[in-house]
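Let's take a quick walk through this one, a strand pair and a couple of side chains at a time. Have the structure open as you read.

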Amino acid sequence: MEIKLQSVITCPNCGYKKEETMPTDACQYFYECENCKTRLKPLQGDCCVYCSYGTVPCPPIQQDKKCC
């Protein structure tokens, strides 16, 4: 299975979307929206901002592994 590293994060506050490259060696717990400066953190039950707000889950979750 090919791991996708690109994910589009959508800010729940203003709706701004931006494509980002996900890290493969760490979880990204915080993310600041470029547009409205809202600091995003994962929703309850998610391991990182990509799993909560991205179009693609983080690499460990894609591989059925535990994320951080």
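Contact here means heavy atoms within 4.5 Å. Keep in mind that this is a predicted model.

## The hairpin

Start with strands S1 and S2, which run antiparallel and are joined by 5 bridges. Together they make a hairpin with 6 residues between the strands. In the turn sits Gly15, with a positive phi of about 85°.

Now look along S1, residues 6–10.

## Glu20, across from Ser7

Hop over to S2 and you'll find Glu20, the bridge partner of Ser7. Is Glu20 buried or exposed? Its relative accessibility is 18%, so Glu20 counts as buried, the cut-off being under 20%.

Setting aside neighbours within four places in sequence, Glu20 is in contact with Leu5, Gln6, Ser7, Tyr31 and Tyr50. With Tyr31 there's also a side-chain to side-chain polar contact of 2.8 Å.

## Gln28, in the loop

Gln28 sits in the loop between S2 and strand S3 (31–32). Its relative accessible area is 24%, so Gln28 is partly exposed.

Beyond four places in sequence, Gln28 is in contact with Pro23, Cys48, Val49 and Tyr50. The side chains of Gln28 and Tyr50 are joined by a polar contact of 3.2 Å. As for Pro42, it is 14 residues from Gln28 in sequence, and the C-alpha to C-alpha separation is 8.9 Å.

Definitions and conventions
Residues numbered from 1 in each chain as written. Predicted model: local features only at pLDDT ≥ 70, side-chain atom pairs only at ≥ 80, totals over all residues. Heavy atoms only, no water. Pairing = 2+ DSSP bridges. Helix = DSSP H or I, 4+ residues; strand = E, 2+ residues; numbered from the N terminus. Buried < 20%, exposed > 50% of the residue type's maximum accessible area, 1.4 Å probe, protein only. Polar contact = N/O pair within 3.5 Å; in protein donor to acceptor, adjacent residues only side chain to side chain.
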